[in-house]
Amino acid sequence: SDGMFYLYYRTRKPISEGRGGFCSVAQSSDGVKFETVWSATKEQFDSESIESASLLKSVEGKFRLYISYVNQENRKWDIALLEGDSPSEFDPSNRRLVIGAGDVQDEGVKDPYVAIVGGTYYMFVHYAPMSRQPNNASQRQLHGTGNIFATEYGIGSAGIATSVDGVEFQWQGEALPPGDSWDSKLTRVDTMAYVPPVYTVLYSGRSNIKETYEDRTGIAVSFDMKTFQKMTPDAPALASGHATGSLRYSDVVALDDEYVFYYEYARADGSHEIRMSRVSRW
């Protein structure tokens with residue numbers, strides 16, 4: 001609406017050096033050259049790690065950031081909401097809990113992706129359903145590291161919650177469960193595009209503990225935002241050509257004549273960077 005691109009990103013170190021410690025929002029007039037306009041540290045969230053978030057404008061025109069971070073009281077992931085007239089006004093001390101660990105029969109909720117469809121807020125949530133965790137796993141085994149999704153025991157799935165105001169959400173259930181192949185350990189919805197009559201989802205997946213933080217990307221589709229069908233059950237659709245092949249946390253901006261994709265991409269040296277690709281709509 002204002003001709004600007006806005007990008008949320010976070011900076012992460014290896015687990016032994018502090019994990020996700022810094023997050024930011026940047027803006028750009030061309031979608032290529034970005035200037036950071038807001039930043040926060042994990043200490044401002046009273047957390048040991050911050051991770052993925054979803055940035056959008058509300059129906060009322062407010063900027064909203066739905067962000068995931070580790071709750072230090074139980075070492076489980078929660079999702080909170082920051083709001084302001086511009087991203088520079090986001091204040092972690094005024095965050096509002098949207099979905100907390102245990103609210104949806106889970107062991108943790110994180111990595112939200114929020115879209116407004118027909119005036120309704122749809123939040124895709126990466127969560128650890130209690131029903132999918134091993135019966136013999138202790139709370140220490142699941143949460144001792146502060147990240148159930150990076151343990152041998154934790155299984156991650158993708159669910160949906162809906163809201164009429166983007167603040168109070170109602171849980172709708174599991175939408176994209178883990179598969180039997182490359183995404184058997186985790187599935188996480190990263191972004192969605194609507195090309196009538198199909199909603200197309202890009203989702204990240206991994207198959208084992210060794211692939212932690214090195215997810216690749218698959219495709220799923222839906223006609224009703226309730227039932228989703230994986231189009232890539234046997235192998236990912238998108239991967240880096242370097243190192244582990246990781247390509248994850250995709251997002252898409254639909255312009256009049258093209259789609260602009262942003263995604264986290266593994267470099268030859270094993271580190272990750274944010275890249276962009278433009279695809280014509282016609």
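At 0% relative accessibility, S68 counts as buried, where buried means under 20% relative accessible area, exposed means over 50% and partly exposed is in between, with a 1.4 Å probe and protein chains only. Before I go on, a word on the model: it is predicted, so local features need pLDDT of at least 70 and side-chain atom pairs count only at pLDDT 80 or more, while totals for chains, interfaces and linings use all residues. Residues are numbered from 1 along each chain as its sequence is written, and side-chain values use heavy atoms, with hydrogens and water left out.

Back to our serine. S68 belongs to strand β5, residues 63-71; helices (H or I, at least four residues) and strands (E, at least two) are DSSP runs, numbered from the N terminus. What does S68 contact, beyond its neighbours within four places in sequence? The list is I50, E51, S52, W77, D78, I79, K110, D111 and P112, with contact meaning heavy atoms within 4.5 Å. For D111 there is a distance too: its backbone nitrogen lies 3.3 Å from a polar atom of the S68 side chain.

S250 is in strand β16, residues 247-254, and counts as buried at 4% relative accessibility. Leaving out residues up to four places away in sequence, S250 touches D190, T191, L202, T217, Y262 and Y263. From S250 to Q27 there are 223 residues in sequence and 17 Å in space, C-alpha to C-alpha.

On to the cores. A nonpolar core here is a set of buried Ala, Val, Leu, Ile, Met, Phe, Trp, Tyr and Cys residues joined through side-chain atoms within 4.5 Å. Which members of the largest core touch the most others? Of its 18 residues, they are F124, L176, M192, V201, M225 and F228. The elements giving two or more residues to this core are β8 (106-117), β9 (120-129), β10 (157-163), β11 (170-176), β12 (186-195) and β13 (198-206). There is also a second, separate core of 16 residues, and L56, I79, I99 and M123 are among them. In soluble globular proteins, nonpolar side chains tend to be buried together.

Two of those strands deserve a look. β10 and β11 pair in the antiparallel sense over five bridges; strands pair if DSSP finds at least two bridges between them. T162 has Q170 in β11 as its bridge partner. Their hairpin has six residues between the strands, and there G166 takes a positive phi near 75°.

Last, the rings. Rings of Phe, Tyr and Trp (its six-membered ring) pair if their centres lie within 6.5 Å; planes under 30 degrees apart are stacked, over 60 edge-to-face and the rest tilted. That gives twelve aromatic pairs. Why is Y259 with F261 called tilted? Because their centres are 6.4 Å apart and their planes are at 45°. Y259 is buried, at 12% relative accessible area, whereas F261 is partly exposed, at 23%. One aromatic cluster is formed by Y113, F124 and F228.

A charge sits over a ring if NZ of Lys or CZ of Arg is within 6 Å of the ring centre and within 35 degrees of the ring normal. R188 lies over the face of Y249, 4.1 Å from the ring centre, and the charged end of R12 sits over the ring of Y213, at 4.7 Å. Thanks, everyone!

Methods
A polar contact is a pair of N or O atoms within 3.5 Å; within protein, one must be able to donate a hydrogen and the other to accept it, and residues adjacent in sequence count only if both atoms are side-chain atoms.
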